[in-house]
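Subject: Structure for you, with notes

Hello,

Here is the structure I promised. Please open it first, then read my notes below.

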Amino acid sequence: MTYQLQGSLFDADGPEAEPALGPLDGIERTVLGGGAWIDVLPGWLSGADALFERLAGGVPWQAERREMYERVVAVPRLLAYYREDAELPDPVLAEARDALGAHYRTELGEPFATAGLCLYRDGRDSVAWHGDRIGRGDREDTMVAILSVGQARPLLLRPRGGGGPTVRRSLGHGDLLVMGGSCQRTWEHAIPKSAGAVGPRISVQFRPRGVR
Ligand SMILES: O=C(O)CCC(=O)C(=O)O
């Protein structure tokens with residue numbers, strides 16, 4: 001199976017441009033409340049077409065199944081997980097992890113260690129409301145940084161359990177979004193299903209050790 005970017009998604013640098021990261025200085029913080037925040041930097045990565053192609057074709061994507069309401073159902077996206085010290089599937093991802101670690105060193109107090117990759121094949125792929133609360137994210141403030149390539153999809157955030165205002169950020173080709181503070185404990189996030197012609201998207205999530 002091949003996953004291809006649609007023409008309108010191609011970035012301005014063209015498909016031949018090597019993936020490269022810009023500075024993190026322009027990143028903008030939005031305080032969500034309850035100790036949670038998000039930082040957003042559109043277009044952090046240039047040469048995003050080439051990175052998309054390499055990851056789409058080179059990562060050993062896994063289809064997973066899970067139990068839901070006493071049935072086993074397919075998880076609606078493909079996944080790959082790189083543990084701490086595993087070689088990442090592209091050198092620019094190691095650069096991204098290290099640049100994020102350096103930028104947030106004082107605030108986070110530890111490096112980003114693991115990388116989770118998700119491939120949303122089309123608008124039917126999605127992830128339901130959740131916080132990354134397996135491990136320390138359930139008890140401690142932490143950060144999860146998402147680098148997105150491919151089709152722009154909205155990331156929604158709401159206070160845990162719902163009932164509060166929903167915050168929406170479109171994550172496009174080369175964009176960065178970092179969830180921080182208590183975000184995994186006190187807020188939830190989701191990528192909803194989307195109707196119509198929706199191209200593929202790859203999300204790369206960097207997390208500190210013990211957060212999942
Ligand atoms: O697709 C994304 O950027 C979000 C992924 C996510 O929330 C997760 O895998 O826990």
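Which residues does serine 182 touch, not counting residues up to four places away in sequence? They are Gly34, Gly35, Ala36, Asp141 and Trp187. Please keep in mind that this is a predicted model.

**Serine 182**

Serine 182 sits in the loop between β12 and α4 (183-186). Its relative accessible area is 3%, so serine 182 counts as buried. Threonine 142 is 40 residues away from serine 182 in sequence. In space, their C-alpha atoms are 6.8 Å apart.

Strand β3 covers residues 36-41. Six of its six residues are buried, so β3 is largely enclosed by the rest of the structure. In a regular strand, side chains alternate between the two faces of the sheet. In β3, Ala36, Ile38 and Val40 point one way. Trp37, Asp39 and Leu41 point the other way. All of these are buried.

β3 pairs with two strands that I looked at:

- Strand β2 (residues 28-33) pairs with β3 in the antiparallel sense, over five bridges. Valine 31 stands opposite tryptophan 37 of β3.
- Strand β12 (residues 175-181) also pairs with β3 in the antiparallel sense, over six bridges. Here valine 40 stands opposite leucine 177 of β12.

The hairpin of β2 and β3 has two residues between the strands. Glycine 34 in this hairpin takes a positive phi near 65 degrees.

**Arginine 201**

Arginine 201 is in strand β14 (residues 201-207). The residue is buried, yet has no salt bridge. Why no salt bridge? The rule asks for a side-chain nitrogen of Lys or Arg within 4 Å of a carboxyl oxygen of Asp or Glu. For arginine 201, the nearest side chain of opposite charge is aspartate 175, and that is 8.6 Å away. What arginine 201 does have is a polar contact of 2.7 Å, side chain to side chain, with serine 148. Its other contacts, leaving out residues up to four places away in sequence, include Phe52, Cys118, Tyr120, Ile146, Arg153 and Leu171.

**Helices α1 and α2**

Helix α1 runs over residues 48-58. Its buried residues are Ala48, Asp49, Ala50, Leu51, Phe52, Leu55 and Ala56. What covers them includes β4 (45-46), α2, β7 (114-120), β9 (144-150) and β14.

Helix α2 has 13 residues (91-103). At 1.5 Å a residue, they should span 18 Å. The end C-alpha atoms are 18 Å apart, which agrees. An α-helix has 3.6 residues a turn, so residues three or four places apart point the same way. The buried residues of α2 are Val92, Leu93, Ala96, Arg97, Leu100 and Gly101. At the start of α2, a side-chain oxygen of aspartate 90 comes to within 3.0 Å of the backbone nitrogen of valine 92.

**Salt bridges**

The count comes to 13 salt bridges. Some of them:

- Arginine 209 pairs with glutamate 84, with the closest N and O atoms 2.6 Å apart. Arginine 209 lies in the segment after β14 and glutamate 84 in the loop between β6 (71-82) and α2, so the pair ties together parts that are 125 residues apart in sequence. Arginine 209 is exposed, at 52% relative accessibility. Glutamate 84 is partly exposed, at 31%.
- Aspartate 98 pairs with arginine 97, with the closest N and O atoms 3.0 Å apart. Aspartate 98 is partly exposed, with a relative accessible area of 46%. Arginine 97 counts as buried, at 17%.
- Arginine 124 meets aspartate 122 at 2.5 Å, N to O. Arginine 124 is exposed, with a relative accessible area of 63%.
- Glu18, Arg54 and Asp90 are linked in a network.

**One backbone angle to look at**

Aspartate 85 lies in the loop between β6 and α2. At 73% relative accessibility, aspartate 85 counts as exposed.

Best wishes

Key: Residues are numbered from 1 along each chain as its sequence is written. This is a predicted model: local features need pLDDT of at least 70, side-chain atom pairs count only at pLDDT 80 or more; totals for chains, interfaces and linings use all residues. Side-chain values use heavy atoms; hydrogens and water are left out. Helices (H or I, at least four residues) and strands (E, at least two) are DSSP runs, numbered from the N terminus. Buried means under 20% relative accessible area, exposed over 50%, partly exposed in between (1.4 Å probe, protein chains only). Lys and Arg count as positive and Asp and Glu as negative; His and the chain ends are not counted. A polar contact is a pair of N or O atoms within 3.5 Å; within protein, one must be able to donate a hydrogen and the other to accept it, and residues adjacent in sequence count only if both atoms are side-chain atoms. Contact means heavy atoms within 4.5 Å. The expected span of a helix is 1.5 Å times one less than its number of residues. Two strands pair if DSSP finds at least two bridges between them.
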